[in-house]
Amino acid sequence: MNPVTIGLIGLGTVGTGVARLLTEHPDRLARRAGRPFRWKWAVVRDPAKARGVALEGVQVTTDVGQLLDDPEVEVVIETMGGTDPALGYVLAALAAGKHVVTANKALLAEHGAEVFARARAAGRAVAFEGSVGGGIPIVQALGVALAANQVQSLAAIVNGTCNFILTRMTEEGLPYEEALRQAQQLGYAEADPTLDVDGTDTAHKLAILAQLAFEADVRLEVIPRQGIDRLQLADLKYAGELGYVIKLLALAKLSAAGLELRVAPTLVRRGTPLAEVRGPYNAIRVVGDAVGDTLFYGRGAGAMPTASAVIADLIDVATGRAGLPSRSRTLWSESAPPVCLTPPSQIQSRYHLRFTIADRPGVLAQLAQILGDHGISIASVIQHDPGDDAPADSPVPLVIMTHHAIQADLHAALEEIDRLGVVHAPSVCLGVED
Ligand code: NAP
Ligand code: HSE
């Protein structure tokens with residue numbers, strides 16, 4: 001039978017996983033796709049680099065033009081990452097009449113409208129299951145299986161690197177830098193790991209989830225985002241004392257006030273499903289109006305889990321299934337109504353606050369007064385005795401858990417508190433998801 005000829009751009013962590021599935025299980029994949037696959041091209045930066053996969057019959061090149069100009073290539077798999085030159089390569093592939101499979105969340109989050117406009121014009125599919133949640137079929141779930149629902153909320157752990165780091169720090173007290181180094185060695189981190197730890201990668205994935213769940217074209221700049229790079233071990237310990245773990249969450253909530261979106265380290269109560277997601281695993285909790293509460297769980301990063309999603313897309317493209325959701329759902333459509341974001345005056349949460357204050361009479365009362373003046377009620381307080389040996393007036397941490405408070409009020413209160421002379425460092429504020 002006529003094979004599906006493939007060109008692969010990028011043969012790093014994910015590309016190598018894709019290559020392994022293609023070369024080690026050709027019969028299984030051919031059975032599922034109804035046609036065999038022929039891997040013809042691999043585009044890389046350094047053709048001399050050892051890849052650890054069988055490359056018989058594969059032409060390795062640094063010149064993407066060879067792949068794009070090859071009329072035999074039906075599907076381009078883009079696993080190189082970044083937006084430049086990836087965007088140009090993907091647009092050129094579509095213009096040349098090739099379908100595209102990509103795991104590149106930065107590309108879709110930042111240029112989804114351009115990519116899908118070109119795909120629709122060319123009548124070609126863009127499949128992107130590997131871009132969110134690694135091996136978890138969340139794109140398929142939101143785009144197809146839950147299509148009857150209006151999604152009401154999403155709460156997601158979608159960065160394996162950050163979840164790995166937070167797990168190691170919480171459970172083993174590992175320093176942040178060492179945990180990050182291990183995540184990089186294991187192939188979880190982006191080429192530039194800043195994108196993982198500063199929350200950008202999670203925001204990219206939230207933008208894609210928002211497109212699938214709410215048909216909302218959300219610009220990256222409008223997603224408030226905070227990473228794990230400024231968290232201290234102390235924050236994880238205080239959260240633990242209160243019965244919580246800290247997770248980097250992507251949150252989306254739809255209400256009459258609008259769509260609330262946020263990426264932030266968040267306290268999650270121990271014993272709840274998201275709190276139990278450890279290491280590089282991801283989980284996405286989706287609440288739909290018909291289906292109710294659902295949870296999708298699996299390995300969110302790494303070569304083989306992501307390759308599992310990429311190859312599933314490839315099979316969907318080969319069978320013609322991938323074209324349907326990408327065209328009929330009009331993803332990243334120019335005619336979609338503008339997104340109405342929930343204003344901070346309508347956002348409510350409980351908050352975990354850490355202050356660094358002078359250990360003097362009346363300081364706690366001053367902070368409580370300001371919080372009270374802004375209508376914020378205190379649920380619990382932790383201040384450990386620094387001991388008799390501590391130098392007089394040395395700064396100490398004070399941790400406050402609030403009852404539900406309005407975000408705008410909280411921010412106003414924190415601005416006021418941070419201006420006090422008895423406050424020695426900017427306050428740390430984390431949301432709580434119970
Ligand atoms: P990676 O290990 O850094 O691999 C990138 C590959 O692309 C390398 O083979 C590199 O070639 C090639 N490449 C980069 N720039 C190129 C250029 N200008 N021209 C030609 N080739 C170029 O990255 P990765 O971790 O596999 O990630 C790839 C994509 O998958 C990214 O979009 C990432 O966000 C996404 N993703 C990654 C994971 C994961 O767990 N790692 C999971 C889901 C999605 P050389 O090898 O010659 O340098
Ligand atoms: N760097 C990403 C992560 C890869 O750690 O989750 C998976 O998208």
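Student: What makes Cys162 count as buried?

Tutor: Cys162 has 0% relative accessibility, and buried means under 20% relative accessible area, exposed over 50%, partly exposed in between (1.4 Å probe, protein chains only). Cys162 therefore counts as buried. The model is predicted: local features need pLDDT of at least 70, side-chain atom pairs count only at pLDDT 80 or more, and totals for chains, interfaces and linings use all residues. Side-chain values use heavy atoms, without hydrogens and water, and residues are numbered from 1 along each chain as its sequence is written, with chains lettered from A and ligands numbered from 1 in the order in which they are written.

Student: Why is Cys429 called buried?

Tutor: Because its relative accessible area is 18%.

Student: What makes Lys105 a polar contact of ligand 1?

Tutor: A polar side-chain atom of Lys105 is 3.1 Å from a ligand 1 oxygen, and a polar contact is a pair of N or O atoms within 3.5 Å (within protein, one must be able to donate a hydrogen and the other to accept it, and residues adjacent in sequence count only if both atoms are side-chain atoms). Polar backbone atoms also lie 2.7 Å from a ligand oxygen at Gly302 and 3.0 Å at Gly12.
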